[in-house]
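Please keep the sequence and the structure in view while reading.

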Amino acid sequence: MGKNQFQRKRFFYSIGVLFILAIAIRIFSLFPGAVETGFTRGFYKYLSQSLRAVFRLVPVSLGDILYALFLISLVVWMVKGILQIRRSKNRKALLGAAARKLLLWSLGIYVYFNLAWGLNYDRLGIASDFGLEEKEYTIAELKALNTDLLLRINETRKACGSSPIYPTPRNLYKEVVTAYQKTASFFPFLQYQYPCIKSSLFGRLGNYLGYLGYYNPFTGEAQVNTAVPAFTLPYTACHETAHQLGYGSESEANFVGYIAAVHSGRPEFVYSAYFNLFSYANSRLYEVDSVAAKENVDQLDTLVKQDYLTYKQFLLAHQNPVEPLLTRVYGWFLQANKQPLGILTYDDVVGWLIAYKEKFGKI
């Protein structure tokens with residue numbers, strides 16, 4: 001058997017195996033109960049714990065390094081491929097080889113991503129965990145929620161003092177772990193073992209790309225962009241930790257992050273959560289009653305207004321032509337993973353807050 005014939009046979013064998021795995025994953029995803037018990041509470045739980053147990057020993061963000069190396073390698077491969085194709089007399093064969101390699105890598109990444117993380121988008125999630133009913137909410141319920149959040153954000157900002165001292169990133173991550181430990185006494189399914197939360201190496205770049213943090217399914221690390229206003233960090237860190245625990249949907253990670261933050265006992269954590277939640281809820285209210293939303297903003301405490309101004313100035317200072325494109329691409333990614341509202345999925349935490357308030361009588 002010739003070399004080319006052997007490589008072609010190996011390619012089709014590999015593609016066949018990966019294609020079968022991809023189909024099996026999609027079929028499995030149609031059964032949320034099985035995903036919840038077999039994947040999220042089973043395979044993923046132990047895989048993610050193993051990744052965190054290993055990579056938390058590395059003091060820097062290994063996931064950032066791997067992504068950077070991958071992007072560099074991809075650019076080098078594309079440039080070399082283009083140059084080879086331009087110089088070659090057999091361009092059709094080279095294009096075919098490149099297409100096969102790209103297809104193989106794409107299928108491989110798809111299968112690994114779903115087995116290491118992606119199936120969490122198809123689990124039962126917090127509706128099952130917290131016993132909440134996901135349903136349409138009324139404008140009256142939305143207004144009532146905003147009234148509650150307005151009260152909470154003003155109260156908790158005053159509790160932080162006029163010049164709050166936020167913890168350093170290292171201490172912040174320790175306090176996130178403590179927050180989840182406290183939360184687990186009320187909700188045991190939120191037990192967080194082998195903590196692995198790290199500061200992104202590309203935080204300042206992230207400000208221009210529009211991300212506050214992310215979960216890396218290849219290393220199990222929760223990445224936090226620390227080059228942002230300090231009052232956003234506690235909630236962001238709690239949110240990314242929720243992803244580590246298997247909450248794929250951004251709205252669900254927002255909700256779990258809120259639960260952990262408010263159970264932390266730290267005013268800075270609680271305020272950080274309400275700062276974000278009020279933003280989501282009042283934005284939703286603005287869509288249906290802009291007058292009421294503006295009145296809520298007028299009633300914010302002076303210190304809260306200062307923080308919102310700080311955050312607005314931060315966003316304006318990092319505006320650029322690339323960020324909207326990346327936001328749109330990320331929105332497509334969310335839509336492809338059962339979050340049809342795309343980037344607006346973050347705002348969907350409003351529905352969970354209303355359901356939680358209805359069940360427990362408070363937020």
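## Basis and salt bridges

A salt bridge is taken here as a side-chain nitrogen of Lys or Arg within 4 Å of a carboxyl oxygen of Asp or Glu. This is a predicted model, in which local features need pLDDT of at least 70 and side-chain atom pairs count only at pLDDT 80 or more, while totals for chains, interfaces and linings use all residues. Residues are numbered from 1 along each chain as its sequence is written, and side-chain values use heavy atoms, with hydrogens and water left out.

By the salt-bridge rule the count comes to 13. One of these joins the side chains of Arg41 and Asp129, at 3.0 Å from N to O. This pair links distant parts of the chain, with Arg41 in helix H2 (residues 32-55) and Asp129 in helix H5 (residues 126-129), 88 residues apart; helices (H or I, at least four residues) and strands (E, at least two) are DSSP runs, numbered from the N terminus. Arg41 is partly exposed, with a relative accessible area of 30%, whereas Asp129 is buried at 17%, where buried means under 20% relative accessible area, exposed over 50% and partly exposed in between (1.4 Å probe, protein chains only). Glu36, Arg41, Arg123 and Asp129 are linked in a network of salt bridges.

## Arg266 and its partners

Arg266 forms a salt bridge with Glu175, the closest N and O atoms being 2.6 Å apart. Arg266 lies in the loop between helix H10 (250-262) and helix H11 (267-288) and Glu175 in helix H7 (residues 169-184), so the pair ties together parts that are 91 residues apart in sequence. Both count as partly exposed, Arg266 at 24% relative accessibility and Glu175 at 21%.

Arg266 also forms a salt bridge with Glu268, with 2.9 Å between the closest N and O atoms. Glu268 is buried, its relative accessible area being 9%.

Ala140 is found in helix H6 (residues 139-159) and is exposed, with a relative accessible area of 56%. Ala140 and Leu285 are 145 residues apart in sequence, yet their C-alpha atoms are 10.0 Å apart in space.

## A loop residue

Leu201 has its place in the loop between strand S1 (197-199) and helix H8 (203-209), and Leu201 is partly exposed, with a relative accessible area of 42%.
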